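Here is a quick walk through a two-chain model, from overall build down to a few local details. Have the coordinates open while you read.

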Amino acid sequence: MSAARTGRAAWLLQIALFAALAAGAWWLAGTAAEEMRARGIRSGFDFFAQPAGFWISEGVFEFDPAESYLKAFAAGLANTLRVALPAIAAALLLGTLVGIGRLARNPLLRGLCTAYVETLRNIPLLLQLFTWYYLLTAMLPPAAEAIELLPHVFLGSGGLALPWVADGGLSLPQRGGFAITGGAHLSPEYLALFIGLTGYTAAYIAESVRGGLQSVSAGQRQAAAALGLTPRQTLRLVTLPQALPMLVPPLANQSLNLLKNSSLAVAIGYPELVSIANTTLNQTGRAVECIAVVLAVYLLLCAVGIAIAHALESRLRHWERA
Amino acid sequence: MTPSPPRRFPHPLAPLAALAAALCLHALPAQAGATLDAIKKRGEIACGVSSGVPGFSAADDKGQWRGLDVDVCRAIAAAVLGDATKVKWVPLGSQQRFSALQAGEVDILSRNTTWTLTRDASLGISFAAVTYYDGQGFLVPKRFKVASALQLKDADICVQSGTTTEKNLADYFRAQGIRVKPVVFEKFDASLKAFFNGRCVAYTTDASSLAGIRAGEAPNPDDYAILPELISKEPLGPAVRRGDEDWLAIVKWVVFALIEAEELGVTRDNAEARLKGKDPAAGRLLGQGEDLGKALGLDAQWAYRAVRAVGNYGEIFDRNLGAGSPLKLERGANALWNKGGLMYAPPLR
């Protein structure tokens with residue numbers, strides 16, 4: 001059989017498989033819709049235009065209960081990204097440092113980094129979130145009695161309040177009756193989630209980084225030493241550039257895991273996408289629709305993440321060749 | 001303190017399981033009478049309860065389920081199967097409860113569930129009766145010196161998701177022109193823990209549950225107060241799957257029989273004597289003379305067995321929520337209609 005014919009057969013097989021999958025999904029959706037109708041269960045996505053009627057306590061933009069469920073989902077998605085993107089950046093930074101530290105010649109630093117990795121990756125993330133949340137709420141005074149760390153920087157069980165730019169000027173947090181008003185405000189739910197996701201994912205990233213660095217052949221390091229490069233120069237000029245393209249897939253994986261793990265926030269009350277979907281599901285009873293939207297959004301986010309990772313990887317490989 | 005029931009800890013994406021269940025709908029009986037036949041064949045009723053709301057449905061330290069919602073299921077089991085113990089208890093989270101009923105995982109949902117238009121008309125379920133008239137209230141630590149809900153401006157308020165609570169909260173404070181910040185938890189325990197750890201200025205849910213929470217979960221009940229405002233109507237009652245009118249009628253009339261029994265003064269202890277007594281109404285209820293059971297597809301003594309198993313509505317209330325319970329709730333709106341309350345059974349004849 002010629003190579004062209006094998007290629008064509010493979011294509012046909014893939015198309016047939018895809019068609020079968022699509023038909024299966026279509027059949028499932030059709031049966032579900034029909035059965036739901038027969039049972040008097042209303043379905044459809046029309047409810048997205050209805051007013052949501054609930055408040056979202058924090059977010060990138062203000063959400064009013066008179067606005068639609070669609071807008072509520074958008075606010076939930078924005079909240080997911082608001083915690084996931086900074087946490088991914090922080091986890092990549094922390095994980096890389098710890099991963100390099102795992103190979104340090106200083107035994108104290110190496111031991112500390114090993115302890116960090118082994119502790120955080122062996123405790124379930126949910127437990128870590130509960131622990132951080134407990135520390136941030138039970139151990140701190142209520143908002144009205146919040147500790148003033150620096151002038152106008154308050155920390156209490158209501159969260160962290162910082163001065164922030166608003167309306168062209170600087171908005172300073174002030175003590176109110178039951179809350180700190182003004183400035184930027186990070187809730188304990190947000191902080192616990194951010195710290196928990198960052199710490200947990202950084203442990204995995206550290207292991208990937210260590211593995212990546214060790215996979216660069218010893219000859220490269222020896223050659224660098226023979227040229228008189230210091231260990232730091234070796235890392236910066238020889239090992240890291242060669243390890244980086246190999247590191248992209250595992251690190252992209254960990255970043256996407258972090259994004260998906262952010263849905264654990266429902267346990268500690270952070271209003272991200274799944275939390276908003278839960279509330280909507282209960283107010284409208286449209287379980288199938290709400291879950292389908294959440295699935296689609298995560299799928300889409302991950303697809304975008306993977307596309308970015310692929311672009312980055314081919315770029316890095318290009319540099320390597322250049 | 002109320003014993004802590006076994007608690008389930010589903011994954012945040014637990015509704016997925018509900019989705020899978022909803023997709024299996026076609027395997028279920030839909031025509032009238034099918035539910036009763038299936039129950040008789042199975043020999044037990046599958047009753048959806050909460051995973052632990054004191055006074056309504058919670059397992060005690062011996063693993064026995066107790067509460068008003070639980071006794072409703074026992075009464076139905078006694079009426080239908082002749083044995084109040086033939087109940088399979090299915091603890092359900094607030095997100096899974098409707099899907100579980102729709103998918104046939106339970107025959108009856110007796111889980112402090114509020115009867116609303118949307119739920120009754122669009123979820124493929126039917127509410128049978130009201131077993132408790134509730135309203136949403138607030139629990140606050142006394143040290144904040146809050147006397148009214150109207151003082152809660154800018155306050156963080158802890159709430160469990162998957163209930164009617166979040167919307168009521170927004171409705172009430174929007175009408176008052178006050179902004180508050182709900183902190184929404186998926187799990188009941190998590191929301192309570194956060195509140196008692198000092199995360200919020202107030203905790204909000206149905207007033208009956210607040211009494212249970214204050215008595216049973218607070219580190220020191222005297223440090224907490226329930227605010228006077230009730231901000232919503234929460235009629236709680238059992239619901240069944242749509243499409244089987246016979247089963248709906250059975251559930252509805254067992255509840256009415258328990259209310260009627262209280263009105264007629266028929267109790268667990270005197271039911272036997274009243275069965276043979278002179279009062280025709282009591283005789284009819286208990287199966288002496290006229291046979292009301294036949295119309296429901298049951299035998300003549302269905303209501304007798306229900307009352308013998310759990311007592312009349314008043315007895316159920318006292319034992320689980322009222323003077324005979326740790327909650328010590330007043331009858332209030334749940335008194336009989338001729339004693340200033342709303343409990344009223346259409347005539348059993």
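## Chain A: overall build

Chain A has a radius of gyration of 25 Å, whereas a compact globule of 322 residues would have one near 20 Å. That radius is taken over C-alpha atoms, and the globule rule is 2.2 Å times the number of residues to the power 0.38. Along its principal axes, the C-alpha trace of chain A spans about 75 × 75 × 40 Å. As for secondary structure, chain A holds 9 helices and 8 strands; these are DSSP runs, numbered from the N terminus, with helices being H or I of at least four residues and strands E of at least two.

A word on the ground rules. This is a predicted model, where local features need pLDDT of at least 70 and side-chain atom pairs count only at pLDDT 80 or more, while totals for chains, interfaces and linings use all residues. Residues are numbered from 1 along each chain as its sequence is written, chains are lettered from A and ligands numbered from 1 in the order in which they are written, and side-chain values use heavy atoms, with hydrogens and water left out.

Of the 322 residues in chain A, 44% are buried (buried means under 20% relative accessible area, exposed over 50%, partly exposed in between, with a 1.4 Å probe and protein chains only). Chain A exposes about 16500 Å², and carbon and sulfur atoms supply 68% of that; the areas come from the Shrake-Rupley method with a 1.4 Å probe, and for residues only the protein chains shown count as cover. Take the contacts in chain A between residues at least 6 apart in sequence: 61% of them join residues at least 24 apart. Contact here means heavy atoms within 4.5 Å.

On charge, chain A has 21 positive and 17 negative side chains, and the centres of the two sets lie 17 Å apart. Lys and Arg count as positive and Asp and Glu as negative, with His and the chain ends not counted; each charge is placed at NZ of Lys, CZ of Arg, CG of Asp or CD of Glu.

## Chain B: overall build

Chain B contains 14 helices and 14 strands. Its radius of gyration is 21 Å, close to the 20 Å that the globule rule gives for 349 residues, so chain B is as compact as a globular protein of that length. The C-alpha trace of chain B spans about 65 × 45 × 40 Å along its principal axes.

Buried residues account for 60% of the 349 in chain B. Among its contacts with a separation of 6 or more, 72% come from residues 24 or more positions apart. Chain B exposes about 13500 Å², with 53% supplied by carbon and sulfur atoms. The mean positions of its 42 positive and 38 negative charges are 2 Å apart.

## Aromatic pairs

Searching the whole structure turns up 23 aromatic pairs over all chains. Rings of Phe, Tyr and Trp (its six-membered ring) pair if their centres lie within 6.5 Å; planes under 30 degrees apart count as stacked, over 60 as edge-to-face and the rest as tilted. Phe47(A) and Phe48(A) make a stacked pair, 4.6 Å centre to centre with 25° between the planes. Phe47(A) is buried at 4% relative accessible area, and Phe48(A) counts as buried at 10%. Both belong to a cluster linked by ring pairs, along with Phe45(A), Phe54(A), Phe63(A), Tyr69(A) and Phe73(A).

Over in chain B, Phe196(B) and Tyr224(B) pair edge-to-face, 5.0 Å centre to centre and 90° between the planes. This pair links distant parts of the chain: Phe196(B) is in helix H7 (residues 188-196) and Tyr224(B) in strand S12 (residues 224-226), 28 residues apart. Phe196(B) and Tyr224(B) are both buried.

## A covered helix in chain B

Helix H8 (residues 207-216) of chain B is mostly covered, with 8 of its 10 residues buried. Among the buried ones are Leu210(B), Ile213(B) and Gly216(B). Their cover includes strand S7 (132-134), S8, H7, strand S11 (202-206) and S12 of chain B.

Most residues other than glycine have a negative phi. Lys145(B), not a glycine, has a positive phi of about 55°, and Asp154(B), also not a glycine, has one of about 65°. Lys145(B) lies in the loop between strand S8 (136-141) and strand S9 (156-160) of chain B, and Asp154(B) is in the loop between S8 and S9 too. Lys145(B) counts as exposed at 68% relative accessibility, whereas Asp154(B) counts as partly exposed at 23%.
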